[in-house]
Amino acid sequence: MAEYFENREIKERLLLVGISTGAQDEGEASLEELEQLVKTAGAEAVGSMIQNRESAHPATYLGKGKIEEVKWKLWETEATGVVCDDELSPAQLRNLEEALDTKVLDRTMVILDIFAARANTKEGKIQVELAQLKFRAVRLVGMRNSLSRLGGGIGTRGPGETKLESDRRLIHQRIGQLKSELEDVKRHRQTARQQRLKNRIPVAAIVGYTNAGKSTLLNKLTDANILAEDKLFATLDPTTRNLKLQGGQELLLTDTVGFIHKLPHHLVEAFKSTLEEAKYSDIILHVVDCSNPWMEMQMYVVYETLRQLDIKDKVMVTVFNKIDQLPEDVILRDFSSDYQVKLSARTGQGLEELKKVLELILKSRRVYLEKIFSYSDAGKIQAIRKSGQLLAEEYTDQGIEVKAYVPAELFGTFF
């Protein structure tokens, strides 16, 4: 009689642990988000524990008493590992793993794992691998037991368990190679930006907390047809699409990677060339999930990340998304932005209002022009069509009579 073996990956069962140094509800919110991250990474969260401390224990992250509680909880839930809600030092990782005798991961490892699984383009894969290797370069000793304990699971995607894991010299060689490849990508991106500047097409960067609805909004506005799921970091690779507004005005919309609380600095560094799309944009569309109870905290994280990237002095439009999930009389404000729009990217409610705001912003950057061009200067009218808004043109005996809005910086070139 033939024997059949079912070959399937065993789902990891992970216990979540965190340190609360402030309000208890903030620690709980962070662990709730960690649970979503673990789920997105393909594992199951089987329980959570929080320790109130002034700061994490420098050697073991958790205090001695809490470690004993975690041991008991591991046995009770039959968990296969522990995830800590902060980035652990190599010593903390090694000591905690020895104390608990189980696989130990931290928040950064989970996020890196998700990024490794979600990156599709060559640029995205380079950025993720670079972030992973930088993270591992300083944690080889601390991670060795963790990597050898399980052959798969969270923390092993991307470069994986190759000789790179145990050879620091090879890791640094590979980091140098990846940096060189990213520089090529950066040069290509700069060339594209220069071309956009030459064409005078304004750019709006869509930023926001992960899962706020950025990709859904881009799809609704431009029929971009990009992946939009109710998951953290559903899309990593930036997408740029053209949006034609009423009156013929054009705007380039660029989606960016979502931000998150405790976003690993290795990822911020690796994705800098992508995130710089926001730095070189004319308008920032800050998409906010207004149905999320931690909306204020998420908005703070986005503004803080923009500050770290030195993105400032931009026209800021706060897009309060998912209003279909809120009562009609709710008051939503953002005193840090220039404009606020309430909408539902899913249903389309409020999209026209957003388009009107974008038209208003573009118009405010332009100057009204009324002039008769000679027929020999007809090429200038084409330039107006390309970079401005042509309101009217009439062919007369004297020449071509034009009424239009043109970019302020180009106004002098039409005389």
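I began with Glu-26, which is exposed at a relative accessible area of 53%. For my own reference, buried means under 20% relative accessible area, exposed over 50%, and partly exposed in between, with a 1.4 Å probe and protein chains only.

I noted that this is a predicted model, where local features need pLDDT of at least 70 and side-chain atom pairs count only at pLDDT 80 or more, while totals for chains, interfaces and linings use all residues. Residues are numbered from 1 along each chain as its sequence is written, and side-chain values use heavy atoms, leaving out hydrogens and water.

Next I looked up salt bridges, which need a side-chain nitrogen of Lys or Arg within 4 Å of a carboxyl oxygen of Asp or Glu. I found 17 of them in the whole structure.

I picked Glu-69 and Lys-66, whose side chains meet in a salt bridge at 3.3 Å, N to O. Glu-69 is partly exposed at 40%, whereas Lys-66 is buried at 14%.

Then I turned to Arg-187 and Asp-184, a salt bridge at 2.2 Å, N to O. Arg-187 is partly exposed at 46% relative accessibility, and Asp-184 is partly exposed at 41%.

My next pair was Lys-312 and Asp-310, with a salt bridge of 3.6 Å, N to O. Lys-312 is exposed at 53%, while Asp-310 is partly exposed at 41%. I also saw a network in which salt bridges with shared partners join Glu-33, Asp-85, Asp-86, Arg-107 and Lys-262.

Last, I checked Arg-189, which is buried at 12% relative accessibility. Its C-alpha atom is 9.7 Å from that of Glu-276, 87 residues apart along the chain.
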